[in-house]
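The following note sets out points for a colleague who is reading the structure alongside its sequence. Each point takes up one region or one kind of contact.

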Amino acid sequence: MTKQQASCGTWTSPISAAVVAAGATPLASLTLDGANLYWLEGRASEAGRSTLVGSTGELTPAPFNVRSKVHEYGGGAYAVAGGVAWFSNHADGRLYRVEAGGAPVALTPDNAHRYADFVVDAGRQRLVTVREDHSCGGHYPINTIAAIGFDGLETVLVDGNDFYAAPRISPDGRQLAWLCWDHPRMPWEGTELWLADILQDGSLANGRLVAGGPQESICQPEWSPGGLLHFVSDRTGWWNLYRYEHGVVHALCPRAAEFGAPHWNFGGSLYGFRSEHEIVCAYVENGVSKLARLHGGELIDIATPYQEVRELRVNAVSVALLGGAPTIALELARIDLDTGTHAVLARSIGALPPAGFLSVPRSIGYPSANGRTAYAFHYQPANADFAPAAGELPPLIVIGHGGPTGMATSTLKLATQFWTSRGFAVLDVNYGGSTGFGRAYRDLLKGQWGVIDVEDCVAGARYLAEQGLADPQRLLVRGSSAGGLTTLCALAFHDVFKAGACYYGVSDLAGLDADSHKFESHYNQYLIAPPERADAVYRERSPIHHTDKLDRPMIFFQGLDDMVVPPQQSETMVEALRSRKLPVAYITLEGEGHGFRKPDSVVRTLEAEWYFYLRVFRLPIPAGLPAVHIDNLSEKLPAKLPPA
């Protein structure tokens, strides 16, 4: 069938904004209770609430929303043991107890406490959890590890540090391990792994440091079935697996690969025990995940169709995982470890678009500033019905991920295919600072946020243009959160991109410090500068102080309930651009925080961004695409706007 030639960016696609919004069901937080598997599913049609699902069906009916707000990013919002589930409800922060077929019953009062990362201490009839106390009246909450009896009585077990995570009880119930760290470090900079004995009355004694420190990041402590403590450490420069035995730490599989991930959320799991002597794990090499067995120091890959393994849980016979690949949207699968039988239990997208409308990315490395190599996934336009006009190169959207210690993956995302199926190329960049390439690569961003990330995005755009894979006159940059700062800095300090889209992005670093929540309140000391140098460097890096350098059209998107990057960050930037008579659009969303969950919000933002690009590049507007008000944009926009 002959394809119709049409301008890139205007192609008709079955991957509508409504398909993007309605087609993806968030899947997260796997838990095994014996042979029974539980997980969280998002309900897009119910304002994005998260519900607990198991083999017996849904345990938490509306309006319950299984979500924790500890550290604002949450995670680890439920636990299950013996068929009984305990969960944090987002609306009130209280813990609830529920059994299959029953109604949730509140366990804790409405006391301004938040809870995450529960472990069930059945012998003592209690939960052990990370608790965040917002009732103290100070600017920041107090974090502890606490015990919550099945009768609701709360007892603090460990305090004194700024942050805690991953309380884990030994199989015999006699020891508790946990992670902690203090300001100004983030957990991927330096954490400590502690161990204590649990006394007869449930209190702790003989606490001792096992591993970690200011320059060593520990994550995911777990106990083997026989009672040996395991953990992941980046002491060699890579997050590798270790065992603690008789006071000695043993490396299990030294390798230039990542067996762990940054602690943004609670409850993450990338390894588990099939037996005392065999671990099933996921590891990342060059940005791609693999599943493997680790036995006797030998790492043996397990064949799967996945290139991303986001989470896994293991028992003696199988591994359950959340995985994805370029042609597989995130799905929940169970793999029999003896036969290799692969069963899909849930899919984030029930029906995929036709294959002819899906762009399969290639993983690339390319030269960046100062001799560095940067990494990215490059997507070409793909549409079964359309091809570029004769001699036309596609416009390119360069994406800087959030985090900024996050990681771009190749798992099928309808939001990316929305663009590629309309004739845009996409470059999803793992700039210096990203996870998946070792600590040295992650630490490239130390003191260089707004520099390294920007250089790598700029270099990627130039690289593809030089390769004849993108139109150098139609280079776009977009990003959310930390990626929003990347977007703004790329437009302010480099003359490469022709327009940009900023989703709840950082524009004023000093303002971010003033408004930020506890978890990230000192993060800029790592990313930007220590306090004694902060004022000067903040001003140098903050786009809000360099609006005179901005001469490109921009669109901003902002949730009005965002506590991570408050709305005033976007509002101040928009007003500055308006005052300079620059083309700017501003879309605000009520009831949305840091990230948009409601289907209407996803539809509105995607369509608005597309409309904005079409107007900027003077391309035809498809019938039915809602118009967006763009200040200061004339019909005859010059190729480059003159300074005010």
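1. A residue is called buried here when its relative accessible area is under 20%, exposed when that area is over 50%, and partly exposed in between. With a relative accessible area of 6%, R49 is therefore buried. The model under discussion is a predicted one.

2. R49 has a charged partner. Its side chain meets that of E58 in a salt bridge, at 2.7 Å from N to O. E58 has a relative accessibility of 39% and so counts as partly exposed. Side chains of opposite charge can pair when their charged atoms come close. The structure holds 33 salt bridges.

3. A second pair, E258 and R442, also meets through its side chains in a salt bridge, at 3.7 Å from N to O. E258 belongs to the loop between β21 and β22 (271–275), whereas R442 belongs to helix α3 (residues 439–442), so this pair ties together parts that lie 184 residues apart in sequence. E258 is buried, with a relative accessible area of 1%. R442 is likewise buried, at 1%. Both residues take part in a network of salt bridges that links D234, E258, R439, R442 and D443.

4. The salt bridge between R578 and E575 has its closest N and O atoms 2.5 Å apart. These two residues stand three residues apart in helix α9 (residues 567–579), and about one helical turn therefore separates them. An α-helix has 3.6 residues a turn, so residues three or four places apart point the same way. R578 is partly exposed, at 28% relative accessibility, and E575 is partly exposed, with a relative accessible area of 44%.

5. How far apart are the end C-alpha atoms of helix α4 (residues 452–466)? They are 21 Å apart, which agrees with the 21 Å that its 15 residues should span at 1.5 Å a residue. Of those 15 residues, 12 are buried, so α4 is largely enclosed by the rest of the structure. Among the buried residues are D453, E455 and D456, as well as I452, V454 and L464. Just after α4, G468 takes a positive phi of about 75°.

6. Two cis peptide bonds deserve a look. One joins A62 and P63, with omega at about 10°; P63 lies in the loop between β5 (57–58) and β6 (78–81). Another runs from H183 to P184, with omega near 5°, and P184 lies in the loop between β15 (175–181) and β16 (192–198). Most residues other than glycine have a negative phi, and most peptide bonds are trans.

7. Two residues other than glycine have a positive phi. For E72 the value is near 70°, and this residue is placed in the loop between β5 and β6. E72 counts as partly exposed, at 23% relative accessibility. For S481 phi is near 60°, and S481 is found in the loop between β35 (475–480) and α5 (482–493). At 14% relative accessibility, S481 counts as buried.

8. Strands β18, β19, β20 and β21 form an open sheet in that order, with antiparallel pairing. β18 (218–223) and β21 (248–251) stand at its edges with a single partner strand each, so one side of each is left without a neighbour in the sheet. On average, neighbouring strands of this sheet are turned by 30° against each other, direction ignored. β18 is joined to β19 (residues 229–233) by four bridges, and C219 has V232 as its bridge partner in β19.

9. Strand β26 (residues 308–314) has five of its seven residues buried, so it is largely enclosed by the rest of the structure. It pairs with β27 (residues 318–325) in the antiparallel sense over six bridges. L312 stands opposite L321 in β27, and a hairpin of three residues joins β26 to β27.

10. The largest nonpolar core has 112 residues, of which L396, W449, F497 and F556 touch the most other members. The contacts of W449 include P404, L485, V506, I528 and R541. A second, separate core of 46 residues includes L412, I555, F617 and I630.

11. R478 lies in strand β35. Its relative accessibility is 15%, so R478 counts as buried. Its contacts include W419, Y503, E609 and Y613.

Notes. Residues numbered from 1 in each chain as written. Predicted model: local features only at pLDDT ≥ 70, side-chain atom pairs only at ≥ 80, totals over all residues. Heavy atoms only, no water. Expected span 1.5 Å × (residues − 1). Buried < 20%, exposed > 50% of the residue type's maximum accessible area, 1.4 Å probe, protein only. Pairing = 2+ DSSP bridges. Axes fitted to C-alpha atoms, helices over the stretch in contact; angles between N-to-C directions. Core = buried A, V, L, I, M, F, W, Y, C linked by side-chain atoms within 4.5 Å. Contact = heavy atoms within 4.5 Å. Salt bridge = Lys/Arg side-chain N within 4 Å of Asp/Glu carboxyl O.
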